[in-house]
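Visitor: Hi, I'm new to this one. Can you walk me through a few spots?

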Amino acid sequence: MDHYLTLPGWGLAVFQSLLYIALAPLLVGWVRKVKARLQNRHGAPVLQAYRDLYKLLAKEARVAHTASPLFRAAPYIVFTATWMAAATVPLLVVDLPTAAIADIIVLVGLLALARVFLALAGMDVGTAFGGMGASREMMIGALAEPAMLMAVFTLTMTAHSTNLSSVIDHHLAEGFILRPSYLFALGGMVLVAIAETGRIPVDNPTTHLELTMIHEAMLLEYSGRHLALMEWAAQVKLLLYGTLIANVFLPWGIGRGMSAAALGVGLAVVLAKLAALGAGLAVGETVLAKMRLFRAPAFLNLALLLSLLGLLSHVILEVGA
Amino acid sequence: MTMQTALALAGLAVALALTSAVVSLLAKRVPATLRLVATPLLGLAGLAALAAGLAALLLGGSIQATLPLGLPWLPWHVRLDALAGFFLLLIGVVTCAVGLYGPAYIRSFEHGPDSLTALGGFSGLFVTGMLMVVLADDAFLFMVAWELMSLSSYFLVAYHHEHGANRRAAFLYLLMAHVGGLMILLGYGVLAAFGTGFSFTELRAAQLPPVWAGVAFTLAFIGFGMKAGLVPLHAWLPAAHPVAPSHISALMSGVMLKVAVYGFIRVVFDLIGEFPWQWGVAVLTIGSVSALYGVLAAMMQSDLKRLLAYSSVENLGIIFIGLGLSLLFLSTGFRALGALAFVAALYHCLNHAVFKGLLFLGAGAILHSTHEHDLDQMGGLLRRMPWTGFFFLVGVLAISALPPFNGFVSEWLTFQAALQSWQLESGVLRSLVPIVSAVLALTGALVAATFVKVYGIAFLGQARSRHVRRARPGPWGMQAGQGWLALLCLLLGAFPTWVIELIDAVPREVLGGGLPQAGVHGWLWLTPVSAQTASYSGPLVVLMLAGIGLTAFWGLNHLWARGAPVRWVRRGDAWDCGFAPPSQRMQYTATSFAQPIRRVFGLLFTIDESVTQQEDGTARHRLKIGDRFWGWLYLPIADAVESAAKRVVRLQSGSVRVYLGWTLATLVGLLWIIT
């Protein structure tokens, strides 16, 4: 562990964390753009997400009379927890100190912390839509979280470590082996990522229909910089799941070592992988329709089943072999 | 300090608790005695127990003593070792908080119809009983203390006996506590049959054939599991815990259940000492079922204290998952991994005592100022009772296993133990453990949903009834009790390395090996197996969460706001998408919050839901959620007992001659057996 905890390591960790919040709106803008092109629209420029954030940050925040202090604290907690969770996922290079501070289980815990505050904030003002969103979000979270843990446990059991850097190192050292457990876990992880980031077919990020909202329903009372932080956190979460799939399941190309070349290659490769994943997400959102809410449990049960199959096929087929 | 002093401190704790019980006898004449003397004495007893436990854990080793009490041929033995010390510490932590909280809470009973003497006396005896169970070093003293604990808590459950439901709950508790007690007694009997006496030293030396060891294990598991509220023997728990006064509920849920865990560890890990892997599988299975069923049942509740009681079933399930993993690893020869799972279980014991104590005290504070225990009537309490609201939030985050609080650390350790199952030889066991960890993950996520419901409905939103709207913050003593436990929730989560170093004395003593790796990288880094495998830094997570959050707050509210052309925060009506101004009746209730999960997991419960149209055009929604285990287990047993009783009643003919005949027959039968 001590070889992580060097001064350049800490510096790079800070840089990588800042890169997360800097790149997050770009990914969302890219997905929107691709989706618009697929639907024969021009769509907003890719950089529109940045402009939206700036606009919101410059506006006054309006807070309901009935809101408690928790309502105003929640955006900061949600943003911080999501960002910290993201900072533990290697983006450009492996073996950074952030991976030692928090492993994959802590990552899931931090995301759960963000979700809990998001749901509490939704219930704080005391409107019907907020409670509705919170109740649905917690149901989906309750089913998605175990699926996610099982999917990542498949990887961590293979690498005998819950430290994401070690997991990536292990896979790179092992070379490309097509394991059945991986395919199951990857399938489960993709489904979880879709559900957790509130994309079609589980939730629709662009919906204007209150009764079908999940994530947006909790944010209805937010405005100004509070809304900006909540939106930004959601974008960071999308980038986090994208990176998790891109760098943990398909780690090839990630930088190892602190040289400028490694960093440059790492950045280029991860951007290419994320662009491909984003395009895939846009295609999926274009061809699929949103499910009814009570279809979502079946969707998430499938995710849990896939992840569990991944874990079982690992311990049964691959451990002894 | 020596172990001698530690034992003396433990003795002082017992004496103080007994004194508290005796002093309460005056409460009938001078009601203030209970508030001013008896409850503070209980708090001091807690403090002494805490000090004794800490000393025992820090010093290591053990000390024995014989008391001049008991039977002529079997004096009472007491012993203070690391295991007993850990549980003394746990009892002490919560009892301290109760000592701070109790005086203000009891004040409202001074003008009530119920006897203060009974409350104070039985509280003192209850704590005495728990302390003695932990200190006992022979089966006889253990059972006496155990019964003292069970009986005195029965009277506390029945404290508000004017309600029929409370009397029924207390009776069910008494019945099940005694069936459990009988099982434990028989378990000791089996052990003693192969040993030379009833002291634990002799029981430990007993050589049991595998079959009889299995019988002793089964009896102990049923007996202690019944007290710990494991599914399916949990029926008494959600009935009994909520009806006791809230500070007693905190002791029952936070501490008494842990005393059952202590008993299980003492008998299985210490006295029996050798186990086949099947025991681990049994404990794992029961633990998983309890965890999942407990949290789902908690999700369905609308009564706050009942919900907390079901959540105790869930947490005890998690503890037994840890113990089961430990049994599994120890029986297959992985001593270090067994110690890891064992430490995770103990850590969770301590955590659950702290946060469940905190949550029950919070529920008591709500009850104290609003006289309300139904979540569907609450709302907006965070603004009415800010400190209680804040401490309760800490408890909610801790129980939901969210970093950086304490619940997360023990769950993390349990996962780390489960993830080492690839080392097991048997493929069946290797695939069983991942399923258990899936259950654990699902449980953790559902707990978060349950407690978002609790906090969101009770403390956020708008008040749903008039008396809740007029709630006032409680007296400072009640807040201090909660504050102490909330602080511990954060400290136990932020500095796991120190806590584990403290707990480590227990596995070193009981299992013969601890977790040497846990703290080798300094107090910042928790590395239970090795740094390569997993590491977690509680202090840095706290520091970064607080640092980034406060920087963002300061940056946006001060730096960024400078020169802003508009007012920075404006208060207004809730928007609610521009519909009519929201009233408190339009909010989600606890019942509606749970509806999606009720729909997904509805099969596990008997749900009776109906909507009827009233004559005045309004609709009425009725919802009744039942425990399926009543139908599966309890009602058949009750029916069988009843039909057996109906058969036996034929003997009761009313004729003296027939009775004399039966007596004679019994006598002859007994004589025949003897000869």
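Guide: Let's start with Asp627(B), which sits in strand 5 (residues 619-627) of chain B. Strands here are DSSP runs of E with at least two residues, helices are runs of H or I with at least four, and both are numbered from the N terminus. Keep in mind that this is a predicted model: local features need pLDDT of at least 70, side-chain atom pairs count only at pLDDT 80 or more, and totals for chains, interfaces and linings use all residues. Residues are numbered from 1 along each chain as its sequence is written, while chains are lettered from A and ligands numbered from 1 in the order in which they are written.

Visitor: Is Asp627(B) buried or exposed?

Guide: Asp627(B) counts as buried, because it has 22 C-beta neighbours inside 10 Å. The cut-offs are 20 or more other C-beta atoms within 10 Å for buried, 12 or fewer for exposed, and partly exposed in between, with C-beta atoms placed from the backbone.

Visitor: What is Asp627(B) in contact with, leaving aside neighbours within four places in sequence?

Guide: Ala235(B) and Ala297(B). Contact means that the C-beta atoms, placed from the backbone, lie within 7 Å. Thr606(B) is 21 residues away from Asp627(B) in sequence, and their C-alpha atoms are 6.5 Å apart.

Visitor: OK, new topic. Where is Phe459(B)?

Guide: In the loop between helix 17 (427-458) and helix 18 (466-469) of chain B. Phe459(B) is buried, with 29 other C-beta atoms within 10 Å. Beyond four places in sequence, Phe459(B) is in contact with Leu381(B), Leu382(B), Gly389(B) and Phe392(B). From Phe459(B) to Leu382(B) it's 77 residues in sequence but 4.7 Å in space, C-alpha to C-alpha.

Visitor: How do strand 1 and strand 2 of chain B run?

Guide: Antiparallel: strand 1 (residues 63-71) of chain B is joined to strand 2 of chain B by seven bridges. Two strands pair if DSSP finds at least two bridges between them. These two form a hairpin with two residues between them, and Gly70(B) has Pro75(B) as its bridge partner.

Visitor: And how many residues of strand 2 of chain B are buried?

Guide: Five of the seven in strand 2 (residues 74-80) of chain B, so to speak mostly covered.

Visitor: What angle do helix 1 and helix 4 of chain B pack at?

Guide: About 160°, with the axes of helix 1 (residues 3-23) and helix 4 (residues 116-135) of chain B 7 Å apart. Axes are lines fitted to C-alpha atoms, for helices over the stretch in contact, and angles run from 0 to 180 degrees between N-to-C directions. Helix 1 and helix 4 of chain B are therefore roughly antiparallel to each other. The labels are roughly parallel under 35 degrees, roughly antiparallel over 145, roughly perpendicular from 65 to 115, and oblique for the rest.

Visitor: What about helix 1 and helix 10 of chain A, at what angle do they cross?

Guide: Roughly 90°, and the axes of helix 1 (residues 7-38) and helix 10 (residues 224-249) of chain A come within 8 Å. That makes the two helices of chain A roughly perpendicular.

How values were computed:
Contact = placed C-beta atoms within 7 Å.
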